[in-house]
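Please keep the sequence and the structure at hand while reading.

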Amino acid sequence: MPEPSFTSLRPGVQRGFTLIEISIVLALIALTLSIAVPGFAAIHERQRLRGAAAELASDLQWMRSQALARNESMRLSLYQVDGGSCTVVHTGNRNDCRCESQGVAICEGSAQALKTSHWQTREKISVQANIASMAFDPAQGTVTPTGSIRVVDSRGGGITHVVNILGRIRSCSPSAAISGFQAC
């Protein structure tokens, strides 16, 4: 088999890319990334919001079942601390436990912290509520007081958990801003 001959190439015929062509391609890649990256950040923040809301809903359901199983009142207390939001699932009264700025629960007396969740400000997720604390009754599984707990992201999107007197949780999103959730 004969070897290919490169003698058919004309002198002065360009092979490869010029610096201008490479610069144009790099500029197009940079432009595409500058458009796409903020979208990815928004998607990532929305997923953190969904994760935090799911964790909180799970904590509320777990508290109700623990109150019944342990035959002991269970309490969820919410705190705004330096650097973020904090929730503490604990036994005892509202003032028996508190959350420090690093998300560490400190309890006094016979109260016991069972779970602490901390959302730092830099995570762009916060927890807000119309109540400071709610307790699940060990005999009936009811909750006092009823309340709404909202997990919010930095863009104003949020998922609200409405806890009724029977301890049941309904999750919704104000104005149905988060897909998959009914409007509150």
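## Basis of the model

This is a predicted model, in which local features need pLDDT of at least 70 and side-chain atom pairs count only at pLDDT 80 or more, while totals for chains, interfaces and linings use all residues. Residues are numbered from 1 along each chain as its sequence is written, and side-chain values use heavy atoms, with hydrogens and water left out.

## An exposed residue and its patch

Phe-17 lies in the segment before helix 1 (19-70), where helices (H or I, at least four residues) and strands (E, at least two) are DSSP runs numbered from the N terminus. Phe-17 counts as exposed because its relative accessible area is 67%, the cut-offs being over 50% for exposed, under 20% for buried and partly exposed in between (1.4 Å probe, protein chains only).

Phe-17 also belongs to a nonpolar surface patch of about 930 Å², whose other members include Ile-22, Leu-33 and Ile-43. Such patches are made of residues with over 30% relative accessible area and no salt bridge, with like charges joined within 9 Å and nonpolar side chains (Val, Leu, Ile, Met, Phe, Trp, Tyr) within 5 Å; a salt bridge is a side-chain nitrogen of Lys or Arg within 4 Å of a carboxyl oxygen of Asp or Glu. Accessible areas come from the Shrake-Rupley method with a 1.4 Å probe, and for residues only the protein chains shown count as cover.

## Nonpolar cores

A nonpolar core is a set of buried Ala, Val, Leu, Ile, Met, Phe, Trp, Tyr and Cys residues joined through side-chain atoms within 4.5 Å. The largest one has 23 residues, and Phe-136 and Leu-60 are among those that touch the most other members. Helix 1 gives this core its largest share, 7 residues. A second, separate core of 7 residues includes Cys-86 and Ala-111.

Beyond its neighbours within four places in sequence, Phe-136 is in contact (heavy atoms within 4.5 Å) with residues including Leu-60, Met-63, Val-143 and Val-163.

## The sheet and a buried aspartate

Five strands form an open sheet in the order 5-2-1-7-8 with antiparallel pairing, two strands being paired if DSSP finds at least two bridges between them. Strand 5 (113-120) and strand 8 (143-144) are the edge strands, each pairing on one side only. Strand 7 and strand 8 are joined by 2 bridges, and Ala-135 has Thr-144 of strand 8 as its bridge partner.

Asp-59, found in helix 1, counts as buried because its relative accessibility is 6%. Leaving aside its neighbours within four places in sequence, Asp-59 is in contact with Val-89, Lys-115 and Ser-117. The C-alpha atoms of Asp-59 and Val-89 are 7.8 Å apart, although 30 residues separate the two along the chain.
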